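Morning, everyone. Today I want to talk about disulfides. Please have a look at the structure first.

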Amino acid sequence: MQTTDDAQTDEGDAIVITGSRITRPNLDSTNPITTVEIDEIVTGDVSLGNALSNLPQLGQTYTSGNSTRFIGTSGLSILDLRNLGTARTLVLVNGRRHVTAQPGSNSVDVNTIPTDLVEGIDILTGGNSAIYGPDAVAGVVNFRLRRDFDGIAVRGQAGMSDRGDAGNYFVSVTAGENFADNRGNIAVNLEYARSDVLYFTERDDLTGAYSGRSQLQLVENTGPNLNPNAGALRPTPEAATGNGVPDNAFITGVRNTNISLGGLLTAACPVAAATGESNAAFQARRGRVCSGLANPGSSNPLSQFGNTYVFRPDGSLVRNNCITDFRPVGSANCVGGEGSTLRETGMLQPQIDRYAANLLASFEVSQGFRPFIEAKFVRVESLQEGQPTFFNNTFSINNPFLTDQARGQLQGILAPGVTTFTAQRFNTDFAGRGEDHRKDTFRIVGGIDGTFNNDWRYEVAANYGRTEGYYETRGNVLIAEYGRSINAVRNTQGQIVCAVNNDASTANDDPACVPVNLFGEGQPGQAALDYFGYTSAREELAEQFVASAFVSGNLGQLFTLPGGPIGFAVGAEYRRETASSSYDETTKAGLTFLNAIADFAPPALEVKEVFGEVRVPLLANMPFAHELSIEGAGRLTGYNVGNKRQTFTWNIGGIYAPIRDVRLRASYAKSVRAPTQSNLFSAETQTFANGLADPCGLQNINNNPNRVRNCAAAGVPTTQTFNGVTEPFSNRAASGVSGFNRGNPLLDPEESLSLTIGAVFQPTFLPGFTLSIDYYNIEIEQAIQGLTGQTIINQCYDNESGIDNPFCAVVFRNPNGTFAGQQDVLHDGGTVTIPRTGPAFFNQPFNFAKFQTNGIDVDMNYRMEVGAGSLSLRSVVSHVFRRNNFTDVSAPDFRDRTLSELGEPRWEGQVSANLEMPSFDLFYQMRYIDKQVIGAYETFFAFDGRAPLNPDSNSLVYYPETFYHNVRLGLKAAENFRFYLGVDNIFDTLPPLGLLGTEGNVPYGNLGRSLYAGASIKF
């Protein structure tokens, strides 16, 4: 890696750098830029995105390991500068936009970029929307591809973990040729990469898939204790300040005590005899089903938690014998027993196959006319597996699949006269809900460029990209068919059949129904699984078309300032993006285990822009002013969607070098992130607000001084009448209130201001040494953020300016004051059923949040000759001072500190050394991650004058600081042949304290020590 300032260039050189379109006389920038050379990140991991995400400037939001945590995202590698969100990092290829991997967003999968064609990667910190357009809020990552490749290069690599799993393979062939006296060039690159799947079950020592999870486990009851047999009585929860006893401790061997692979039944511990039950029978039943663990939530001294029972693979029903049962402290876990670990399915790493073909060509007809083309096709196939379906099934005690032993056990567990029971089951024998993905990316860039008027440059280009995605979800279930299948009975012929085919009615018959045996893991028959099993499918499409043109040059032919001629660039750009996503009709209708998912078919996004840059070199080569220059840029952007249809962004900056050895730089910029098609037009999906409290109800209306006025203005009545009975208006729903999740077509662009100040030292007395120190400060306002249904409704009536606000616009009531999505109301001592007339609210994003971050990057590079070779030393360190989120719409100034939380360490860095000798090369890299708080920072520490929320929450406060060490040795057997082998993570460092490396933004790899070897040959 190197900063753009590392190279010592002659004053006459003319180059173009990332962050500007102006040709410059030397290699400088007002923004801090870190350049990564591709040879420095070739490791045993064949994912380019994974390697980049290890840099201190980037978060680990989407890597191979954690890409499986959402539906449809397997294998994606999406960059996140400064942990400000992937949508706020603009990814470019050769300075141009790239089509998204997720329709409706601007998420570029960097694994679709050809590794062996990458010459370098520039990472620019700070807003740059004035140069590159919307979305460059946190910064820009630009991949520069090789040009004028001549010859044939072949590289192959294979590796695996030292445990013999997690294999990966890579092969690349690049062929190119210069022709017509080097005026033309054509190059073709073919690549194949594969990463083998790594299941949870293959690493039980990390995941506890079989032996039980390792985790911070709740071990103290912090709620009220009303039961005299559960210890000292306490009518209220533990005070927020705690009692000095940790609420959670690190425990191994943890399983769930409410669900198992074959079905788990939780018995009810009786506190009174059933009707007709003798006292002796009652006491005997208590002895069988009560655990002896007092229930602190009940004041009845007899109240205990019931024993749990599991169905084993042979169908027998036995007591689940936990070693330590944590239900008395409010947890559904235990140590030991036969409950599920919830990790019998799932992946530490998905399987990914990548096929890529790339074409680069250009021909210089004349100095002023050079046609060029870039084209590629990339197919990524990935396999993803998550948790299986799970149900709390209700069965009859007469179900014919029950063994005699199980039925006898149930008769001893259930109260007299009870003929049904429930058992919660983790359906691993249905198969994990696996996803088979295929994503095809097409991209072609064509254009012309050239120079004229001596030193003016122009480019006209068109850029078309297309992503086609298809995936199938295995292990899904048709809900209605499943419900019929589990209700099994024995007919008069003694056959086990579905109950719907054996009742008096023929209207509900289903001749295809096959009864299923769910009593024990492995019991379901294939015919039943085929009956109610379902493979869902989704098709996606995203297209992007960009047309752009610019002219850059300088005004040296007119006049020259003491520092040189004024440089400029002006241009225009047009962009059109379309997106769509659609599930099959069955899934779309909500007939499966998945939620109902409507089609996503937003209107096209069209963006029209004009932009300009100017660079004014005031002084040069003078005493105490080796260089003094200022620059600015502006961009006017128009949108066809959203609430605000036009934005203006700008950059200003300057460079002052008192002497050649020292350069000071600063920039200040306003940037924007336009709302994406997903933000604006996400399809409606049903959601529920459980426990909704109506702010206009008499029990809540005085909790805010604006509610009485606003509720009256909205026409909410003060009384409610049902079944002829009138009461004061309270509107207390007995069940969840329905609403819709959706996009918000009236969103505005996010706005950010960023400041960078830095210094670059290149001492002439120490050739090859460069030190850059840069401070950055980024603040994003009007950030797009979602809210809960309760918060949206509260904000409607709590608004000081009345009900003419964006929140009331998405709240819907019936004329009687109830919500449109409400199906019942508590009234007159009972529950009144009412019809739903629509959604109660639209749960959609709004512009209200704010994000802040600032810190310092230090980048030191030293290259020196060593005998016949050279030694390069590099250190990149990032120190974050502040990282805050403001996401409480009711308290806009409330700061949530995320600095030092998982994924956002205060300190992070990389140190590397590369020794290049004629016959060999040796590369070493060390990565450092600072300690991070377990959970929220405010849980343990005071912040903004607020006391810690729960200082005794955990027995441990921090994930420990972590080091990773990698080494690679290359042997040059011939001038054009190189063999290399390496070890990543030499000391086999694994995620700490129960983490798996699959969590969002977790900075720890989960493969452990990995070995790899490869060879390259050039002709």
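A disulfide here is a pair of cysteine sulfur atoms within 2.5 Å. Keep in mind that this is a predicted model.

Start with C796 and C808. Their sulfurs sit 1.9 Å apart, so by that cut-off a disulfide joins them. Which hand does the link have? The torsion about the S-S bond is about 90°, so the disulfide of C796 and C808 is right-handed. Where are the two ends? C796 is in helix 11, residues 789-798, and C808 is in the loop between helix 11 and strand 41. They are twelve residues apart, and the pair links distant parts of the chain. Buried or exposed? C796 is buried, at 1% relative accessible area. C808 counts as buried too, at 15%.

Next, C269 and C290. The S to S distance is 2.1 Å. The torsion is about 95°, so this disulfide is right-handed. C269 lies in the loop between strand 13 and helix 4, and C290 lies in strand 14, so the pair ties together parts 21 residues apart in sequence. C269 is buried at 13%, and C290 is buried at 10%.

Now C322 and C334. Their S to S distance is 2.3 Å. The angle about the S-S bond is -65°, and this link is left-handed. C322 is in strand 18 and C334 in strand 19, twelve residues apart. C334 is buried, with a relative accessible area of 0%.

How many disulfides does the rule give? The count is five. Number the bonded cysteines in sequence order, and the pairing reads 1-2, 3-4, 5-6, 7-8, 9-10.

Technical notes:
Residues numbered from 1 in each chain as written. Predicted model: local features only at pLDDT ≥ 70, side-chain atom pairs only at ≥ 80, totals over all residues. Heavy atoms only, no water. Helix = DSSP H or I, 4+ residues; strand = E, 2+ residues; numbered from the N terminus. Buried < 20%, exposed > 50% of the residue type's maximum accessible area, 1.4 Å probe, protein only.
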